[in-house]
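Look over the sequence and the structure first, then read the points below.

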Amino acid sequence: MKKLFLLFIPIILFLISYLSKEKTSLSTSISLKKATSLNKDRYRLNCVECFEQYVEDVINNGLDIFHYPSGAMPAGTVSKEEAKKIAAFMATLQGFTPTNVEYVEEGKALFYGNCTGCHGVEGKGQEGYFPDLTKRPLEGFKRLATQ
Ligand code: HEC
């Protein structure tokens, strides 16, 4: 009888680990819901305001469209004001003239201080883990934007 009980231990352990996995996949589907609350209808590819809006949305709300093993882009790592400045700098990487040119210098410093930790040297990303933020157009923006 005792032996039979011992047999159940691995089964119980398996069930516990399975159930906790279920829980985490539940929470990622919730963050996906959040991430899709972007202003998608405003994204058009060749419009600087749209690009800046996209970057601000991603910074403020997070993003989870690629499902990388590294996880989602976390929301709110910088303030909304800082997000605007970073968006202006990132617009220059796309060859756009930013809406607020005076934000570019500060935005650049904020970008290097807050984003390259994950997005790699010069923001060029790491294939399969962190998107390249210098790519024209940005992969995620291309997917979400209308032409
Ligand atoms: C903790 C790591 C991490 C940090 C810090 C981080 N990001 Fe991200 N970022 C990610 C990941 C992971 C993704 C891909 C998310 C997905 O699956 O959609 C991403 C996606 C993005 C995208 C969408 C890229 C595309 O192809 O459209 C933008 C824009 C972006 N990040 C900007 C920034 C900016 C700006 C900062 C600094 C304020 C920043 N990120 C900081 C991890 C990070």
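**Salt bridges and the iron site**

E139 counts as partly exposed, at 25% relative accessibility. The model is predicted. Four salt bridges are present in the structure, and the ligand's iron atom has M73 and H119 as its protein donors.

- E139 pairs with K135 in a salt bridge, with 2.7 Å between the closest N and O atoms.
- K135 is partly exposed too, because its relative accessibility is 37%.
- E139 also forms a salt bridge with K142, where the closest N and O atoms are 3.9 Å apart.
- K142 and E139 both belong to helix α6 and stand three residues apart, so about one helical turn separates them.
- K142 has a relative accessible area of 40%, which makes this residue partly exposed.
- Together, K135, E139 and K142 are linked in a network of salt bridges.

- K84 and E56 form a salt bridge through their side chains, at 3.6 Å from N to O.
- K84 sits in helix α3 and E56 in helix α2, so this pair ties together parts that are 28 residues apart in sequence.
- K84 is partly exposed, at 35% relative accessibility.
- E56 has 16% relative accessibility; the cut-off for buried is under 20%, so E56 counts as buried.

**The iron site**

- M73 is in the loop between α2 (48–61) and α3 (80–93), while H119 is in helix α5 (residues 116–119), so the pair ties together parts that are 46 residues apart in sequence.

- E127 is found in the loop between α5 and α6 (139–144).
- With a relative accessible area of 78%, E127 is exposed.
- E127 and Y68 are 59 residues apart in sequence, and their C-alpha atoms are 9.7 Å apart in space.

Definitions and conventions
Residues numbered from 1 in each chain as written. Predicted model: local features only at pLDDT ≥ 70, side-chain atom pairs only at ≥ 80, totals over all residues. Heavy atoms only, no water. Donors = N, O, S within 2.8 Å, 3.2 Å for Na, K, Ca; no water. Helix = DSSP H or I, 4+ residues; strand = E, 2+ residues; numbered from the N terminus. Buried < 20%, exposed > 50% of the residue type's maximum accessible area, 1.4 Å probe, protein only.
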